[in-house]
Amino acid sequence: MLAIEAEGLRKVFTGRGGGPKGRRRTRSVEAVRGISFSVEAGERLAYIGPNGAGKSTSIKILTGILHPTSGTATVLGLTPWKQRRDLARRIGVLFGQRSQLWFELTPRQSFDLLGRIYGLDRSATRLRVDELGGLLDSRDLFDAPLRNLSLGQRMRCELAASVLHRPEVLFLDEPTIGMDLVAKQRFREMVVRLNAEQGTTVFLTSHDVSDIEQVARRVIVINGGTLIYDDRVSRMRRSVLSTKLLDVRFEQPPAPGSLDFDGMQVIKETGLGYKLVVDTERRSIREVLDTLLDTQRVADISVLDPPLEDVIARIYERRPS
Amino acid sequence: MREPRPSRTLLATSRTALVEAWANRRSFWVQVGAMLLNDSVWVIFWVLFFHRIGRIHGWGTDDVLLMFAILATVTGISMGLLANARRLGWLVAEGQLDAVLTLPVDPLAYLLIRKVDTALLGDLAFGPLLFVFAAHPTPERALLYLTGSLCGSAVFVSFVVMLGSLTMVVGGRGEQGDLGFQALLILASYPLDVFGGLTKLVMFSVIPAAFITGVPVHLVDRFSPATLGALLGAAAVSVVLARMAFRAGLRRYRSGALWTRA
Amino acid sequence: MSGLTPYAAAFASAAGRVVRRPGELAVRLLFYVVILIVFTALWPAAAATAGGSIAGYSAQALLWYVTVAEASVIATKPRLIEDIGNDIGSGAVATEMLRPVSVFGLRLAAETGEALVRLAMALAMGCAFMLLVKGAPPRPAAMLFVIPSAVLAVAANLAAQHTFAGAAFWLNDAKAAWFLYLKFVFLLGGMLMPLQLFPVWLERVSWALPFWTMAYAPARFASGHVDLWLLAGQAAWMVVLASVAGAVFAAGERRLEVAGG
């Protein structure tokens with residue numbers, strides 16, 4: 001079953017200004033230029049792109065905030081911008097820098113009200129809050145005033161608020177902005193758990209590459225308003241970059257020049273530890289490993305995929321397909 | 001899940017906002033106390049003024065204290081209970097409208113009710129107190145005072161909502177709202193009849209300050225069905241215009257005015 | 001003289017900042033104009049009722065009085081205490097303490113720079129408005145004294161504000177004190193009406209406090225009364241207020257050092 005379906009989405013912003021002061025002429029910006037994709041129920045999708053790529057615009061269209069200029073989209077069978085309130089009952093939305101919770105109150109007090117807004121009765125809300133407290137490891141957070149919590153803790157509470165009503169789809173727009181590394185990781189874990197244990201479809205926009213690695217199984221890359229990549233994360237690395245990294249520790253220093261061969265390059269050298277880059281189009285990993293193990297005294301070796309940043313950067317460089 | 005009744009949701013939201021204002025106890029009393037003192041200073045000013053000068057254009061100490069009681073009540077409601085009203089433009093500029101649009105609620109009502117300004121609750125307390133102590137309260141006058149204050153609040157809130165809706169159309173950070181609201185408040189803080197023809201005209205139309213204090217005072221002191229009709233009419237018209245303005249602004253916002261592209 | 005350079009620089013750069021933000025200034029000035037519109041309605045009516053003049057002030061004198069009084073107060077930022085409180089809380093002040101200049105001195109210099117630009121604009125606008133709408137001040141020559149007096153008024157106001165703001169080193173909620181402070185300036189400082197209109201006991205209280213230096217003094221000149229000793233009084237109070245504020249800041253900084261911001 002398809003949770004989200006978008007066909008030829010286009011969004012043109014028109015208006016005055018945006019230029020240097022005094023030059024108030026009408027301009028138009030095409031933020032989204034004909035994007036089509038579909039998302040199955042229960043999927044975890046990362047929707048990534050650089051700033052200004054059209055990510056926020058896309059998510060605003062899918063959540064019913066904006067009307068597209070042309071094209072169609074359905075979320076859970078509903079047209080978001082036409083059936084906004086009906087859809088609002090079945091989706092959860094978390095914007096990175098906007099809060100649904102009341103600052104001076106405890107999250108639990110905010111949940112009480114939000115539960116009512118979603119039509120849950122008191123006991124149902126209470127049960128659900130309890131459940132979420134366990135699921136998101138946040139029970140101890142719910143009874144402290146929101147202002148006393150750190151950003152990471154606050155966002156976990158916002159996450160709970162956004163799924164209070166058991167939405168079928170959860171939209172997250174740059175949710176980890178401003179969080180420290182540990183907080184980000186915890187948050188991502190929670191999102192994955194929600195998907196795994198409750199079957200919530202996850203649609204996450206981000207420009208943080210680690211969000212992809214840790215949360216998503218599928219990634220859509222957009223740039224300049226067009227979709228330029230759509231595949232499983234696991235395949236992305238392999239298909240886009242034909243390089244591999246070798247992390248090698250030698251038992252004794254390799255003889256000078258002995259690591260010079262075609263298709264391989266030393267990029268880092270720390271004592272006996274070497275980082276090597278292999279261009280697998282020129283020389284297969286098998287060959288390189290064989291050669292190394294035959295000609296050198298190797299203490300330890302690991303074969304790594306290239307960092308995701310490089311992969312993404314390479315994808316951005318692509319012409320839209 | 002059944003669709004909850006909007007009125008009950010709004011009531012619950014309002015209660016939550018009030019609970020929030022009450023949550024930080026120390027801050028609450030400090031802010032309310034400061035506002036009460038602030039209002040007292042204004043009362044002292046007016047008492048001194050009229051003590052020295054006597055009546056002006058038919059206004060004396062009694063009238064101006066009634067005026068101030070109404071003003072405090074109106075600001076208590078319009079800026080205290082509906083704290084987001086005058087910040088509407090700013091909220092939109094900050095993107096807070098998006099978060100509201102993803103909830104199954106009426107965006108304007110929810111935004112307005114969602115936040116209470118603690119300090120202004122001081123006004124909400126001061127107004128009725130001043131009325132009781134200085135404005136010769138009788139059941140009839142009290143009823144008229146309440147009616148007048150509610151209508152005045154409707155006009156006030158509608159005015160600032162209209163200005164705030166401008167932000168959805170032309171962009172900016174809500175400065176239009178700020179200036180308009182300040183002008184409204186200043187003009188409404190002085191006895192209506194000292195103003196000359198042109199200013200009075202403005203106060204009955206573009207900047208409806210007359211309906212905030214002037215006409216309500218008239219209603220209480222010199223009741224006539226015509227005055228009541230005019231006030232109720234002004235309130236009703238303002239509310240309708242405000243709703244229309246917001247809806248138009250929202251339509252523009254959702255169709256994608258250039259500046260909204262974050 | 002090099003010891004003064006950082007302060008002069010802060011002054012100039014702050015002044016430049018205000019000039020480069022005409023939008024903000026315009027909003028403040030428009031607000032001021034609305035107040036003037038109210039005054040041009042209120043005070044002539046008041047004077048007329050009292051038989052032409054009150055406590056030696058003619059209607060014209062009263063109008064010019066409130067114009068200058070309001071301009072002097074409006075030149076200072078309405079949110080100063082909040083800003084300082086935030087800066088203390090955020091640690092910005094702690095960072096400033098690392099510099100080899102006086103935190104208080106630098107801030108005062110900057111605030112004065114901003115305020116004087118606003119003052120100049122407000123006075124220009126207010127005087128132009130009043131001239132056009134109601135005519136010349138009762139003694140045009142006296143207006144010369146308005147300039148130094150208004151500058152001293154603003155400086156004293158800022159110094160006192162910084163004292164109040166200094167409370168933010170100890171309290172969390174200096175905002176309430178701030179509210180009260182403003183009301184003192186409005187009422188006891190003679191911004192709302194000349195001190196001579198008060199009952200005697202209140203007038204005496206006002207004279208004993210420094211607030212009259214912040215609004216009454218320049219306004220008094222504008223109303224045509226050249227009480228030169230006011231300038232001396234303003235200067236004296238300014239020194240006192242600046243010293244108190246400096247002391248409060250110094251104590252506050254010591255507290256930050258000890259408590260660790």
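## A sheet and its helices

Helix α8 of chain A (residues 233-240) lies across β8 and β9 of chain A, running at about 110° to β9(A). Helices here are DSSP runs of H or I with at least four residues, strands are runs of E with at least two, and both are numbered from the N terminus. Angles run from 0 to 180 degrees between N-to-C directions, with axes fitted as lines to C-alpha atoms, for helices over the stretch in contact.

Please keep in mind that this is a predicted model: local features need pLDDT of at least 70, side-chain atom pairs count only at pLDDT 80 or more, and totals for chains, interfaces and linings use all residues. Residues are numbered from 1 along each chain as its sequence is written, while chains are lettered from A and ligands numbered from 1 in the order in which they are written.

Now for the sheet itself. In chain A, 6 strands form an open sheet with mixed pairing, in the order β5-β6-β7-β3-β8-β9. Two strands pair if DSSP finds at least two bridges between them. β5 and β9 (226-232) of chain A each have a single partner strand and stand at the edges, so one side of each is left without a neighbour in the sheet. From one strand to the next, the twist averages 15°. Helix α1(A) packs on this sheet and touches β3, β6, β7 and β8 of chain A, with its direction at about 150° to that of β6(A).

How many bridges join β8(A) and β9(A)? Their antiparallel pairing extends over 6 bridges. Asn223(A) stands opposite Thr226(A), which belongs to β9(A).

## Where the chains meet

Two residues are in contact if their C-beta atoms, placed from the backbone, lie within 7 Å. By that rule, 38 residues of chain A are in contact with 30 residues of chain B, and 30 residues of chain B are in contact with 24 residues of chain C. On the side of chain B that touches chain C, α2(B) gives the most, with 14 residues.
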